[in-house]
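Morning, everyone. Please have the sequence and the model open while I talk.

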Amino acid sequence: MTSDTAVHAEHAEHIVSYKKLCAVWLTLLVLTVATVLITRADLGAAKVWAALGIASLKSGLVIAFFMHMKYEARLFRIILFVALVTLATFVGFTFFDVLYR
Amino acid sequence: MSHQEHTDNIGAKLGMWLFLFTELLLFGGLFILYAVYLARYPHEFSAAGKELNVTFGAINTVVLLTSSLLAAMAVTAIKRGEKGLTVALLSGTLGCALIFLVIKYFEWSAKIHHGIYPGSPRLVAGAPGESVFFGLYYITTGLHGVHVVIGGAVLGWIGTRVNSGSLNQGNNVALENGTLYWHLVDLVWIFIFPLYYLIL
């Protein structure tokens with residue numbers, strides 16, 4: 001069953017096209033320009049959250065497409081989630097301590 | 001019955017991701033320190049952050065994003081069996097790594113020339129928040145720079161293996177894992193750039 005093996009191989013090893021990778025790269029550049037412009041404006045604390053929000057969006061694009069996370073097994077996304085929750089817990093508990101000391 | 005060598009690409013990539021999560025927590029710790037001290041010394045951080053060169057930071061952001069694109073394209077190229085293109089794309093990634101480090105060298109040199117380095121008389125005499133900011137700046141960008149050097153070395157070694165044919169269309173997980181490490185270097189910079197160069 002050659003067609004069956006081919007389907008299986010394609011499923012196991014997804015190939016992201018050059019075109020898609022370049023589109024992601026262009027989006028990342030546009031988002032970088034957006035961060036610079038937003039943080040040059042006088043927005044106070046809001047610009048910190050805007051910059052972090054855009055950085056998170058950029059990270060999501062890099063992880064999903066450049067790092068192929070979108071095409072990996074679900075287990076990969078579960079452990080990514082666990083790692084992010086762990087980091088968020090560290091951040092949260094640190095600020096509980098620092099802000100209400 | 002043909003004897004086939006057992007390979008487990010999913011397992012290899014899973015192991016790489018687990019390692020990347022320890023890296024995430026390593027840099028995460030430095031970002032937590034940054035956040036806590038930014039909350040404690042907002043004015044000193046603001047004054048010190050304005051000394052950083054946004055142009056250098058922005059150029060290095062574009063350089064690293066481009067290097068990541070070339071690394072991701074190299075994975076596509078090897079899976080399509082385009083050996084020459086894979087090596088060329090990896091060389092491009094290494095070129096970007098080199099440009100990044102040269103720009104970093106000029107950036108750090110300018111700072112040190114202005115008397116800004118850990119324990120310098122200017123920082124010791126100045127406000128405590130300022131020396132904390134530059135201490136974190138040097139340790140975070142320095143550790144990131146070490147990762148650029150290691151990632152570059154790993155991708156260089158992988159490039160020679162692609163060139164010799166020991167990594168190829170059917171056996172490419174080492175290349176994929178090497179580029180995963182490289183993308184992590186890019187991810188860390190995606191946060192360093194706004195936090196140190198832009199928001200202050």
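Let's start with chain A. It has 101 residues, and 15% of them count as buried. Keep in mind that this is a predicted model. Chain A has four helices and zero strands. Along the sequence the pattern reads α-α-α-α. Now the contacts within chain A, taking pairs at least 6 apart in sequence. Of those, 47% join residues at least 24 apart.

Next, the contact between the chains. How many residues does each chain give? Chain A gives 32 residues and chain B gives 31 residues. On the chain A side, three helices supply at least two residues each: α2 (18-40), α3 (46-66) and α4 (74-99). Which helix has the largest share? That is α2(A), with ten residues. By class, the side of chain A that touches chain B has 23 nonpolar residues, six polar and three charged.

Let's zoom in on one helix pair across that contact. Two packed helices are described by the angle between their axes and the distance between the axes. For α3(A) and α7(B), the angle is about 170° and the axes lie 10 Å apart. Angles over 145 degrees count as roughly antiparallel, so α3(A) and α7(B) are roughly antiparallel to each other.

Who meets whom? From α3(A) we have A:A51, A:A55, A:K58, A:S59, A:V62 and A:F66. From α7(B) come B:H183, B:D186, B:L187, B:I190, B:F191, B:P194 and B:L198. By class, this helix contact has nine nonpolar, two polar and two charged residues. Look at the spacing of those numbers. An α-helix has 3.6 residues a turn, so residues three or four places apart point the same way.

Last stop, chain B and its helix α4. This helix covers residues 83-113, which is 31 residues. From first C-alpha to last, α4(B) reaches 45 Å. That is close to the 45 Å expected at 1.5 Å a residue.

Which residues of α4(B) are buried? They are B:T86, B:L89, B:L90, B:T93, B:L94, B:C96, B:A97 and B:F100. And what do the buried residues of α4(B) pack against? Three helices of chain B: α3 (54-79), α6 (128-164) and α7 (173-198).

One backbone detail to finish. Just after α4(B), B:G115 takes a positive phi of about 80°.

How values were computed
Residues are numbered from 1 along each chain as its sequence is written. Chains are lettered from A and ligands numbered from 1 in the order in which they are written. This is a predicted model: local features need pLDDT of at least 70, side-chain atom pairs count only at pLDDT 80 or more; totals for chains, interfaces and linings use all residues. Two residues are in contact if their C-beta atoms, placed from the backbone, lie within 7 Å. Ala, Val, Leu, Ile, Met, Phe, Trp, Tyr, Cys and Pro count as nonpolar, Asp, Glu, Lys and Arg as charged, and the others, Gly among them, as polar. The expected span of a helix is 1.5 Å times one less than its number of residues. A residue is buried if 20 or more other C-beta atoms lie within 10 Å of its own, exposed if 12 or fewer, and partly exposed in between; C-beta atoms are placed from the backbone. Axes are lines fitted to C-alpha atoms, for helices over the stretch in contact, and angles run from 0 to 180 degrees between N-to-C directions. Angles under 35 degrees count as roughly parallel, over 145 as roughly antiparallel, 65 to 115 as roughly perpendicular and the rest as oblique.
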